[in-house]
Amino acid sequence: VRGESVPGIELGDLGDPRLKPERTREFEAGFDLSMLDERVRLEATYYNKQSKDALINRTLPPSAGLSANRYENIGAVKNAGLETLLGATLLELDPLQWSATLSMAWNKNELVTLGVPEIISGAQRFVEGYSLGGYWDYPILGFADADANGLITADEIEVGDEVVYLGSVLPTRQASLTSDLTFLTHFRLSGLLDYRGGYLQENSTEEFRCAIGTCRGVVDPDAPLEEQARGFAAA
């Protein structure tokens with residue numbers, strides 16, 4: 001090509017002849033309870049689920065000269081938690097009926113074993129004893145407006161020397177509240193409130209803006225000090 005030798009074959013995804021399905025074993029225990037002519041019901045379930053031969057996208061060494069990563073059966077993952085539900089018929093006057101349901105759930109995810117020391121994918125890492133693909137980064141140990149000018153500068157921020165576990169990418173607690181109102185036989189009005197917590201989401205857009213010096217924490221002197229510290233630490 002233009003007088004230069006180029007590769008005639010370029011390797012793509014590297015297969016794995018040992019690849020096999022994940023296998024999961026789960027134990028559950030719970031109860032269902034209804035009261036007041038089934039106007040009130042309560043459900044609760046405890047579960048403990050363990051998966052072996054977990055498929056994890058492993059980064060391959062560049063020296064192999066092959067694809068950057070591939071899925072391998074190299075992990076064992078555990079999920080354990082509790083699911084509860086409380087439902088009630090609050091009003092029943094023909095043709096009007098009002099009911100509500102509250103459900104709550106808690107889950108703990110853990111990477112039990114991994115066939116390699118750790119797997120790094122950006123801010124996410126797969127490390128034994130922690131949640132699957134959890135966030136790891138250098139922590140902000142502290143910041144202070146030493147000259148009291150209302151601005152945080154790089155020399156007023158203390159950042160840790162080693163990455164630490166910041167949190168799970170999966171919700172550890174969830175809740176939802178639904179309400180249904182049935183009227184005139186054929187009409188129903190319903191609403192839903194949904195909550196998820198105990199986890200983190202990466203704001204890649206804000207991280208990129210701070211890296212090029214255009215996020216609010218870097219350019220706005222009226223930004224809160226904490227946001228300024230985050231902006232300069234990201235940059």
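**A guided tour of the predicted model**

The structure holds four aromatic pairs.

**Stop 1: the aromatic cluster**

Select Tyr130 and Trp136 and display their side chains. These two residues form an edge-to-face aromatic pair, with 4.8 Å from centre to centre and 75° between the planes. Tyrosine 130 is partly exposed, at 33% relative accessibility. Tryptophan 136, in contrast, is buried, because its relative accessible area of 13% falls under the 20% limit.

Tyrosine 165 counts as partly exposed, with 30% relative accessibility. Together, Tyr130, Trp136 and Tyr165 make one aromatic cluster.

**Stop 2**

Leaving aside residues up to four places away in sequence, leucine 111 touches Tyr130, and its other contacts include Ile56, Val77, Phe126 and Leu132.

Leu111 is also one of the nine residues of the largest nonpolar core. To display the rest of this core, select Ala54, Ile56, Ile74, Val77, Leu114, Val116, Ile119 and Phe126. Strands β2, β3 (69-93) and β4 (96-114) each contribute at least two residues to the core.

**Stop 2: the six-stranded sheet**

Switch to a cartoon view. Six strands form an open sheet in the order β1-β2-β3-β4-β11-β12, with antiparallel pairing. Its edge strands are β1 and β12 (187-197), each of which pairs on one side only. From one strand to the next, the twist averages 15°.

**Stop 3**

Select residues 23-35 for strand β1 and 40-59 for strand β2; the two pair in the antiparallel sense over 13 bridges. Within this pairing, phenylalanine 27 has asparagine 48 of β2 as its bridge partner.

**Stop 4: β4 beside β11**

Finally, select β4 together with strand β11 (residues 173-183). Ten bridges connect the two strands, in the antiparallel sense. Serine 99 has aspartate 180 in β11 as its bridge partner.

Note on methods
Residues are numbered from 1 along each chain as its sequence is written. This is a predicted model: local features need pLDDT of at least 70, side-chain atom pairs count only at pLDDT 80 or more; totals for chains, interfaces and linings use all residues. Side-chain values use heavy atoms; hydrogens and water are left out. Rings of Phe, Tyr and Trp (its six-membered ring) pair if their centres lie within 6.5 Å; planes under 30 degrees apart count as stacked, over 60 as edge-to-face and the rest as tilted. Buried means under 20% relative accessible area, exposed over 50%, partly exposed in between (1.4 Å probe, protein chains only). Two strands pair if DSSP finds at least two bridges between them. Helices (H or I, at least four residues) and strands (E, at least two) are DSSP runs, numbered from the N terminus. A nonpolar core is a set of buried Ala, Val, Leu, Ile, Met, Phe, Trp, Tyr and Cys residues joined through side-chain atoms within 4.5 Å. Contact means heavy atoms within 4.5 Å. Axes are lines fitted to C-alpha atoms, for helices over the stretch in contact, and angles run from 0 to 180 degrees between N-to-C directions.
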